[in-house]
Amino acid sequence: MVTGGAGYIGAHVVQALRRDGHDVAVIDDLSTGSRDRLTNDTPLFPCSVLDTELVTDSLRAHGSELVVHVAAKKAVEQSIAEPLMYYRENVIGMHSVLTAMVQAGTRKMLFSSSAAVYGTSTGDLVDEQADTAPASPYGWTKLMCEQMIRDTAVAAGLDWMALRYFNVAGAADPGLADRGENNLIPKVFRAICSGVPPQIFGDSYPTRDGTCIRDYIHVADVADAHAAAVRGMSGGAPSAIYNIGTGSGTSVLEVMHTARRITGRDFDWDVRPPRAGDSPAVVADAAKIRAGLGWESRYDLDDIIGSAWQSWSSRIEIPLAR
Ligand code: WQD
């Protein structure tokens, strides 16, 4: 059962698990997800993860052996403005899903966690032993959820894995693209399509070109990591936390130049003041999952930006000069 399986990342996870031969069903409240991201033969239980009884009934009806819990709110800035909504949706949501799992007898959980649990980093590669010091309510919700899983696993005998996503982008096909407004790459395309310059939040950071560095990971790689984790859990692999990243960093300026090259659009950008809470550099050390599950990323930034652009280029409202 994939919660949030009708969303951007969830739908890619559903596709990867179906390809691996699993009998996948989805719980989604369709607040940001949509049914058209799922195949017609994928059962959808349209409910909120907060509705514990409906989640329990759905797990029982589908005979779920494992929950992939992706459903969550994930916009850092929004979490700062609306912390109580984030604690309700992400933390009480996790409480509800774990309660339903115990009631339904579903004993395995794969959790969608985040690099946001690490907070500001020193600029070196971040491994799973790094200090966790979330810089936002969003990051705190993910860290609290990891602890809730650990404690419930001890009390109720669950097997679990938590995957800490770094910066997820791209699309396995145009129909599954990120239609959100929160993250850099969709915001760059939205700006290009509406003919306004995208913004760079700060260009005086202590990095190679002054702009922030992140580990952009293709959503198809992220989905494959979930399939590898489910295979591992089905094969008795121990409960664990894994970073999901490429291990290499890209600056915002490098994203802009790559987007110019790939889209063929000679757009400019506006440099704005730095955004509160941003770390100069957050890049994954992805060695642990390679050793533990045999997974590593396959796609690079060109694949990410090229695949994401495919879903946007058909929506250009104001054709820009080539
Ligand atoms: C990336 C970089 C911005 C927009 C995300 C999310 C969350 C989590 C971790 C999974 C930053 C800069 C952005 C813009 C810009 N992933 N930027 N102009 O903050 O790294 O974190 O990944 O849980 O999804 O919190 O992602 O895409 O907001 O920003 O210059 O218009 O791009 O300053 O350096 P972030 P982001």
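How much space lies in the second largest pocket? I read off about 300 Å³ for the second largest pocket, working on a 1 Å grid over the protein atoms alone, where a pocket is an open set of points with protein on both sides within 12 Å along at least five of seven lines, and where lining residues have an atom within 4 Å of a point. The volume is the space filled by probe spheres set on the points, which are joined across faces, edges and corners.

Before going on, I noted that this is a predicted model, in which local features need pLDDT of at least 70 and side-chain atom pairs count only at pLDDT 80 or more, while totals for chains, interfaces and linings use all residues. Residues are numbered from 1 along each chain as its sequence is written, and side-chain values use heavy atoms, with hydrogens and water left out.

**Ligand shell**

A polar side-chain atom of Tyr138 lies 2.4 Å from a ligand oxygen atom, one of Arg214 lies 2.8 Å from a ligand oxygen atom, and one of Asn183 lies 3.2 Å from a ligand oxygen atom. Taken alone the ligand exposes 690 Å², of which the protein buries 93%, with accessible areas from the Shrake-Rupley method and a 1.4 Å probe.

I also checked which elements contribute, counting helices (H or I, at least four residues) and strands (E, at least two) as DSSP runs numbered from the N terminus.

**Cavities**

Which residues line the largest cavity? A cavity is a set of points where a 1.4 Å probe fits but cannot get out, and the largest has a volume of about 60 Å³. I listed its lining residues, among them Tyr8, Ile185, Phe189 and Trp312, and noted that H6 and helix H10 (301-313) each supply at least two.

The second largest cavity holds about 30 Å³, and His69, Asn90, Phe111 and Lys142 are among the residues that line it.

How values were computed:
Polar contact = N/O pair within 3.5 Å; in protein donor to acceptor, adjacent residues only side chain to side chain.
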